[in-house]
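Welcome to the tour. Open your viewer, and get ready to select residues by their numbers as we go.

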Amino acid sequence: MQPRRLDQIFSRYGYGSRSEAKHWLRQGRITVKGKVAKDADDKADPLDILIDGKPIEAPDGLLVLFHKPAGYVCSHDTREGANIYDLLPPQWLQRNPPVTSIGRLDKDTTGVLLLTDIGEIVQRWTSPKHKVSKVYDVTVEGVLKPELVNLFAAGTLQLEDEDKPCLPAKLEILSPNTARLELIEGKYHQVKRMFASQGNPVTNLHRSHFGDYTVSDLPEGQWRTVAQLAL
Ligand code: URA
């Protein structure tokens, strides 16, 4: 990787501020190619650095698959109550830029959430132009009418306060009150608003897929770092 100043690397990857880097250097906790480093403005390849004897975590950027549990908001604002970042390593929030979710799930929604500190991924994977598929398992009040399949597929469903109708979405009705819905966009509370607009308020929502990523064997509240798949 491109050599950068040691204090910049220290703050980029969430170890602390650039002035804290000087302190760590004085304590001999940072080595470059096995030698104790001294100067904050010395440049090094992040791959050659050990901090407290450990390599830098994810020097090319983090991509994380998280199984979001119910009861947590996807927000950096601590005033909004329990948030998903409380369940993740604090160092990720101190990375610069910090790790952030790619889109959001509502507080009561469970399932696949991706997080990253790679800005281009957030832009690309949240844009409907990129057509990343998101699949939701939905439980509703009332009985789902078979006509909803064509209505959601038509790309004509206009939700209140939106400029444009929803893009075509694939609905599979699984039982009188459960369904699977595949979308390629993510308007605010979109799934809940689509069903509510047809007289079926959503009572349970789980995202099973985001592109090719699924939570499969990952327990709720757990995460793992993943490779960047072509979505
Ligand atoms: N649509 C919703 O309504 N809620 C979510 O959490 C995700 C998609």
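Where is the place of Asp-212? Select Asp-212 and you will find it in the loop between β13 and β14. At 56% relative accessibility, Asp-212 counts as exposed; buried means under 20% relative accessible area, exposed over 50%, and partly exposed in between, with a 1.4 Å probe and protein chains only.

Before going on, two notes on the model. It is a predicted one, where local features need pLDDT of at least 70 and side-chain atom pairs count only at pLDDT 80 or more, while totals for chains, interfaces and linings use all residues. Residues are numbered from 1 along each chain as its sequence is written, and side-chain values use heavy atoms, with hydrogens and water left out.

**Stop 1: the domains**

Colour the protein by its three ranges: domain 1 (4–55), domain 2 (63–125 + 219–225) and domain 3 (133–210). These bounds come from an automatic or database domain assignment. The C-alpha centres of domain 1 and domain 3 lie 49 Å apart.

**Stop 2: aromatic rings**

How many aromatic pairs does a search of the whole structure find? The search finds five. Rings of Phe, Tyr and Trp (its six-membered ring) pair if their centres lie within 6.5 Å; planes under 30 degrees apart count as stacked, over 60 as edge-to-face and the rest as tilted.

Select Trp-125 and Tyr-213 first. Their ring centres are 6.2 Å apart and their planes are at 45°, so this pair is tilted. Trp-125 belongs to helix α4 (residues 119–126) and Tyr-213 to strand β14 (residues 213–214), so the pair ties together parts 88 residues apart in sequence. Trp-125 is buried, at a relative accessible area of 1%, and Tyr-213 is buried too, at 4%.

Next, select Phe-152 and Phe-195. This aromatic pair is edge-to-face, with 5.3 Å centre to centre and 85° between the planes. The pair links distant parts of the chain, 43 residues apart: Phe-152 is in helix α5 (residues 147–154) and Phe-195 in helix α6 (residues 190–196). Both Phe-152 and Phe-195 are buried.

Then show Phe-10, Tyr-15 and Trp-24, which ring pairs link into a cluster. A charge sits over a ring if NZ of Lys or CZ of Arg is within 6 Å of the ring centre and within 35 degrees of the ring normal. For another example, go to Lys-134, which lies over the face of Phe-210 at 5.6 Å from the ring centre.

**Stop 3: the ligand**

Which residues surround the ligand? Select Leu-105, Asp-106, Thr-109, Tyr-136, His-189, Gln-190, Val-191, Lys-192 and Leu-205; a residue is listed if one of its heavy atoms lies within 4 Å of the ligand. A polar side-chain atom of Asp-106 lies 2.7 Å from a ligand nitrogen atom. Val-191 has a backbone N or O atom 3.1 Å from a nitrogen atom of the ligand, and a polar backbone atom of His-189 is 3.2 Å from a ligand oxygen atom. Taken alone, the ligand exposes 240 Å², and the protein buries 94% of that. Such areas come from the Shrake-Rupley method with a 1.4 Å probe; for residues, only the protein chains shown count as cover.

**Stop 4: backbone angles**

Most residues other than glycine have a negative phi, and most peptide bonds are trans. Stay with His-189, in the loop between β12 (178–183) and α6: its phi is near 45°, a positive value in a residue other than glycine. His-189 counts as partly exposed, at 30% relative accessibility.

Lys-131, in the loop between α4 and β10 (134–140), has a positive phi of about 55° although it is not a glycine. Lys-131 is exposed, with a relative accessible area of 58%.

Finally, select Asn-96 and Pro-97: the peptide bond from Asn-96 to Pro-97 is cis, with omega near 5°. Pro-97 lies in the loop between α3 (90–94) and β8 (100–101).

Key:
Helix = DSSP H or I, 4+ residues; strand = E, 2+ residues; numbered from the N terminus. Polar contact = N/O pair within 3.5 Å; in protein donor to acceptor, adjacent residues only side chain to side chain.
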